[in-house]
Protein chains: 2
Amino acid sequence: MRIVLDAMGGDHAPGVVVEGAVQAARQWGTEIILVGQEDVVRAELAKHDTAGLPLSIVHASQVVTMEEHTMAVKQKKDSSMMVGMRLVKEGQADAFASAGNSGAVLAAAIFGLGRIRGIARPALATVYPAAPGPCLLLDMGANADCKPEYLLQFALMGDAYARQLFGMERPRIGIVSNGEEEDKGSMLVRETYPLLKASGLNFIGNVEGKDIGRGLADVVVTDGMTGNVIVKLSEGLLSFLARFLKEQFTSGWRNRLGLALMVPGLIAMLPGLALMLPTLRNLRRRMDWREFGGAPLLGVDGVVVIGHGRSDAVAIKNMVRSAQTAVQQDVVGTIKEALAQRGMDRQGQMEV
Amino acid sequence: MRIVLDAMGGDHAPGVVVEGAVQAARQWGTEIILVGQEDVVRAELAKHDTAGLPLSIVHASQVVTMEEHTMAVKQKKDSSMMVGMRLVKEGQADAFASAGNSGAVLAAAIFGLGRIRGIARPALATVYPAAPGPCLLLDMGANADCKPEYLLQFALMGDAYARQLFGMERPRIGIVSNGEEEDKGSMLVRETYPLLKASGLNFIGNVEGKDIGRGLADVVVTDGMTGNVIVKLSEGLLSFLARFLKEQFTSGWRNRLGLALMVPGLIAMLPGLALMLPTLRNLRRRMDWREFGGAPLLGVDGVVVIGHGRSDAVAIKNMVRSAQTAVQQDVVGTIKEALAQRGMDRQGQMEV
């Protein structure tokens, strides 16, 4: 499997991207094509021991910056994003991954790979860590403004991908709203509701904010703005909570003395804690946003994965893993097949 | 001060509403008028020792159920909601509080009390527990669909109320979006941005989901659907996290043995924990949704507070406290004055 990595994409590119590529190639033996300004990328590669690693460089003279307007990508035909997409389009690579400006990656994917027939707007999907089981949330940010037909298409794509990803027959589909009742929600939600109800999908109705983490639905559909707020708020709340608790328990003499008095007890707890280390490590890993890797862009005709702009090397390495998973699970074929079975071709054509 | 309580509003009305009223009257000496079907309310009151408590009943023959359509309130002129609003309108009470169907309370408030001049849509405001300081979030659910002018008005109301509530000169105003940059967000957000920028308010720009809990803004403005998802997701995440951790640490022999081995250490920590009790109690209180009480409905010409439908007696008691606070802080006068100073009268009239 060959993954194209956008060497110029992300707040800390190209340094951390190259470092992450080296780590991924070493850990999993993944064949990685770094696309970017060759001299710059080569200089970064020289900082690492890359002997025997399946890394190569493809030159792209232009760079789409994080601040640039999404449509800049249209003008920059020789940007790392456009060159990378061409490699996938021409079958020279299996997937494209980038931590760059997500709007620009989206535009490059649409220009470079095209959409799957039947899909008006591609959507970013993420696995949200609900309990008891995780759920697939989409769109997490590709489309700030949506129409009911888009949300229906997100549901169809989410259904197909969740069946593959979670190995389930009929994933439960929910739509984010501000109340459980059918008449609750924005006009968009209320207009999407009957489409989902008539879709033949296993639609369970509205899902409120408090229920997203409860695993009531296996696929949670929403517009890109709400989805983005949900994902970022969830990330932020964990670190907020940790900071808040720390502040609370280290302020005032009572708490400080209390903590000091607890030290012998904490020491006595160490053997027990040692036994729990695997669970603790697993937890730390699950709460680390860098483990998330990247979100697949569903609906484009090729595997595209988008990572956090603030990615460090570990996050980039995991983005490569996300891309590998998306290729292995044949995200494109799965969605194409599901849409073809529904005869969505013409509807999609009309929608665009 | 006299608070009208909607005895028929809420999933567990009238039982818990009457019980909460008794608790509030006993704890704070609040004068409470219970509005509802007199015989039913009287029967509930008889279950408690109400001797000497400043509780009274005003009869209202009709009930707006939790499931009924919002507009049902229009037909039910003798419902507890409409009768209660009249008591406030006529100056017989200072505030109206209900845990009933929030859409219906909103409609009753607009019909019964009218809007403040300059306000097209009232908004539900809530104090969101950010760190370092809390922020005022609105709208948390009154208006699922908004226009840029509404969001501007929410910002003006939020600014006025936050100055009073937090005792600050120029609260920082932010708008929820899916990116920090000015061009990020839904069309609604992008169209509101220039209005806020030109408003003379201390507008700091877009606030992402991950930053809401970080206290970057003192007033966070958003449409009612996004606001509702933010508040409910935040509530849900805490209980999700607690459940998740419990599951993780009580599964498998390693964890169970680890926990058993930690018991002596935990016992040794008790003196330290005892010192920290005030902080622990405070934390438990802050994480308890029942302590939230209710959210004031900003923009109607009278104090109206809306509580959780699932309120129990403790939550109802705290809703009475929220109403008292809103009256003491003169939420209506504060907003009226702020709008009058801006000469918003005509604009508001045009908007409606």
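Eleven strands of chain A form an open sheet with mixed pairing, in the order β3-β2-β1-β4-β11-β10-β5-β6-β9-β7-β8. β3 (55-59) and β8 (202-207) of chain A are the edge strands, each with a single partner, so one side of each has no neighbour in the sheet. Please keep in mind as you look around that this is a predicted model.

- Strands β5 (residues 123-128) and β10 (residues 294-298) of chain A run antiparallel and are joined by two bridges.
- Across from A:Ala123 you will find A:Leu298, which belongs to β10(A).
- Helix α12 (residues 313-328) of chain A packs on the sheet, where it touches β1, β2, β4 (95-98), β10 and β11 (303-307) of chain A. The direction of α12 makes about 155 degrees with that of β11(A).
- Helix α1 (residues 15-28) of chain A lies across β1 (2-6), β2 (31-36) and β3 of chain A. Relative to β2(A), helix α1 runs at about 170 degrees.

**Strand β6 of chain B and its partners**

- Which way do the residues of strand β6 (residues 135-138) of chain B point? B:Cys135 and B:Leu137 point one way, B:Leu136 and B:Leu138 point the other way, and all are buried.
- With strand β5 (residues 123-128) of chain B, β6(B) pairs in the antiparallel sense over four bridges.
- B:Tyr128 stands opposite B:Cys135 of β6(B).
- With strand β9 (residues 219-221) of chain B, β6(B) pairs in the parallel sense, over three bridges. Here B:Leu136 has B:Val219 in β9(B) as its bridge partner.

**A stop at B:Arg290**

- B:Arg290 sits in the loop between α11 (277-286) and β10 (294-298) of chain B.
- Is B:Arg290 buried or partly exposed? It counts as partly exposed, because it has 19 C-beta neighbours inside 10 Å, and a buried residue would need 20 or more.
- Beyond its neighbours within four places in sequence, B:Arg290 is in contact with B:Asp312, B:Val314, B:Ala315 and B:Asn318.
- B:Met319 is 29 residues from B:Arg290 in sequence, and their C-alpha atoms are 8.8 Å apart in space.

**How the two chains meet**

- Chain A gives 57 residues to the contact, and chain B gives 57 residues.
- On the side of chain A that touches chain B, the elements giving two or more residues are α8 (209-212), α9 (224-249), α10 (253-275) and α11 (277-286) of chain A. The most come from α9(A), with 19 residues.
- By class, that side of chain A holds 28 nonpolar, 18 polar and eleven charged residues.

- The same surface serves both copies, as 100% of the contact residues of chain A recur in chain B.

Key. Residues are numbered from 1 along each chain as its sequence is written. Chains are lettered from A and ligands numbered from 1 in the order in which they are written. This is a predicted model: local features need pLDDT of at least 70, side-chain atom pairs count only at pLDDT 80 or more; totals for chains, interfaces and linings use all residues. Two residues are in contact if their C-beta atoms, placed from the backbone, lie within 7 Å. Ala, Val, Leu, Ile, Met, Phe, Trp, Tyr, Cys and Pro count as nonpolar, Asp, Glu, Lys and Arg as charged, and the others, Gly among them, as polar. Two strands pair if DSSP finds at least two bridges between them. Axes are lines fitted to C-alpha atoms, for helices over the stretch in contact, and angles run from 0 to 180 degrees between N-to-C directions. A residue is buried if 20 or more other C-beta atoms lie within 10 Å of its own, exposed if 12 or fewer, and partly exposed in between; C-beta atoms are placed from the backbone.
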